[in-house]
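Colleague: Hi! Could you walk me through this one while I have it open?

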Amino acid sequence: MSADVRTTLAAAGEGCQDPHIFNDYGCGFEAPTTSLFFPTPWLEFGLPATSGITKYTALLVLSVLLVAAFWFFTMRRAKVVPGRGQSIAELLITFVRDQMTRPGMGKKGDKYLPMMVAIFLFILVMNVMGIIPGAQLPVTSNLAFPAVLAISMYVLWNYIGIREHGFGGHVKGKLVPSGAPVWILPVLVPIEFISNFVFRPVTHAIRLFATMFAGHMLLAVFAAAGFYLFNPDAGGFLGVLSVGYSGFALLGFLVFTGFELFIMGLQAYVFVLLASFYIGEAIEGAH
């Protein structure tokens, strides 16, 4: 049982002598709260708008080390005829190229492939931290981390667009859709400005953050429900019934853990696919 789940269960039973169903104290089920996403800092610096060194920081560093170790051990002795580790790395590269960067940028975007592969694997590892025993906290459930990645892609999108088409060409290409009649531009241009230059990085970050936040909360609810429903000490039929209830909660926890793993991979895919489309759009200059 991970530390995070233990924290959830302890919080669920806080303030009640018997925090289980069919208890004699009238205690009901207490669902986990968002406090799960605000771990106690291990080290604080007293700086405004910072949280110090927390579990998020440790898992972020661990994610970086895991990604670096993956590339080191799979590609340090790359050969024409690949071994097992190199084959896995090449399959990953081919997957990102064929399913994300080529559809978004075409062959012109192949020079960005190493960056996109690194981002995909980095996001995937940070997401999977949510179901690793002992960790069980997806790094991307903290908005700061998806925001930094999304802002980086936003800056790169503008840089490439300006480099390829000049500042005026880049801005005009994003604000004035080709073929749009002149009379509609006073309405269309403000909408396109907000959509492309304001909401784009926001939605890019929040999509990843919100999915990981909600998925982790759902798993925590199932874990806390299983703990609350398990009360064999209730005796007789009620004790058997509580074990049955708890079994259903455990089954739900396992099913949603598998589903959450799929979502973790899907969100890494969506983030990189969108980034590829944004950069491809900057390269082409089309709206």
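This is a predicted model: local features need pLDDT of at least 70, side-chain atom pairs count only at pLDDT 80 or more; totals for chains, interfaces and linings use all residues.

Colleague: Great. Which residues in α2 and α4 meet?

Modeller: On the α2 side they are L60, S63, V64, L66, V67, F70 and W71, and on the α4 side V117, L121, F122, V125 and M126. That contact divides into 11 nonpolar residues, one polar and no charged.

Colleague: And at what angle do the axes of α2 and α4 cross?

Modeller: Roughly 130°, with the axes coming within 9 Å; α2 covers residues 55-75 and α4 residues 113-128. Angles over 145 degrees would count as roughly antiparallel, and α2 and α4 are therefore oblique to each other.

Colleague: Left-handed or right-handed, that crossing of α2 and α4?

Modeller: The crossing of α2 and α4 is right-handed.

Colleague: OK, what about α2 and α3, how do they pack?

Modeller: Helix α3 spans residues 84-105, and α2 packs with it at an angle of about 120°, the axes being 7 Å apart. That angle makes α2 oblique to α3. Here α2 passes α3 in a left-handed crossing.

Colleague: Which residues meet there, between α2 and α3?

Modeller: F70, W71, T74 and M75 from α2 meet G85, Q86, I88, A89, L92 and I93 from α3. By class, this contact of α2 with α3 has seven nonpolar, three polar and no charged residues.

Colleague: Now α6 and α7. What's their crossing angle?

Modeller: Roughly 170°, and the axes come within 8 Å; α7 runs over residues 236-284. The two helices, α6 and α7, are therefore roughly antiparallel to each other. Their contact has 20 nonpolar, 10 polar and four charged residues.

Colleague: Switching topic: which residues does UniProt annotate as "transmembrane region"?

Modeller: The unreviewed UniProt entry puts that annotation on residues 56-74, 112-132, 144-162, 182-199, 205-230, 237-256 and 262-280.

Colleague: How far apart are the end C-alpha atoms of residues 144-162?

Modeller: They are 27 Å apart, and that part of the chain is 100% helix and 0% strand. For residues 205-230 the end C-alpha atoms lie 38 Å apart, with 96% helix and 0% strand.

Colleague: Last one, the rings. How many aromatic pairs?

Modeller: The count comes to 13 aromatic pairs. Take W157 and F197: their ring centres are 5.4 Å apart and their planes at 45°, so the pair is tilted. This pair links distant parts of the chain, with W157 in α5 (residues 144-175) and F197 in α6 (residues 185-229), 40 residues apart.

Technical notes:
Residues are numbered from 1 along each chain as its sequence is written. Side-chain values use heavy atoms; hydrogens and water are left out. Axes are lines fitted to C-alpha atoms, for helices over the stretch in contact, and angles run from 0 to 180 degrees between N-to-C directions. Helices (H or I, at least four residues) and strands (E, at least two) are DSSP runs, numbered from the N terminus. Angles under 35 degrees count as roughly parallel, over 145 as roughly antiparallel, 65 to 115 as roughly perpendicular and the rest as oblique. A crossing is left-handed if the near helix is turned anticlockwise from the far one by less than a right angle, and right-handed if clockwise. Contact means heavy atoms within 4.5 Å. Ala, Val, Leu, Ile, Met, Phe, Trp, Tyr, Cys and Pro count as nonpolar, Asp, Glu, Lys and Arg as charged, and the others, Gly among them, as polar. UniProt positions are given in the numbering used here, feature names are shortened, and annotations may be inferred rather than shown by experiment. Rings of Phe, Tyr and Trp (its six-membered ring) pair if their centres lie within 6.5 Å; planes under 30 degrees apart count as stacked, over 60 as edge-to-face and the rest as tilted.
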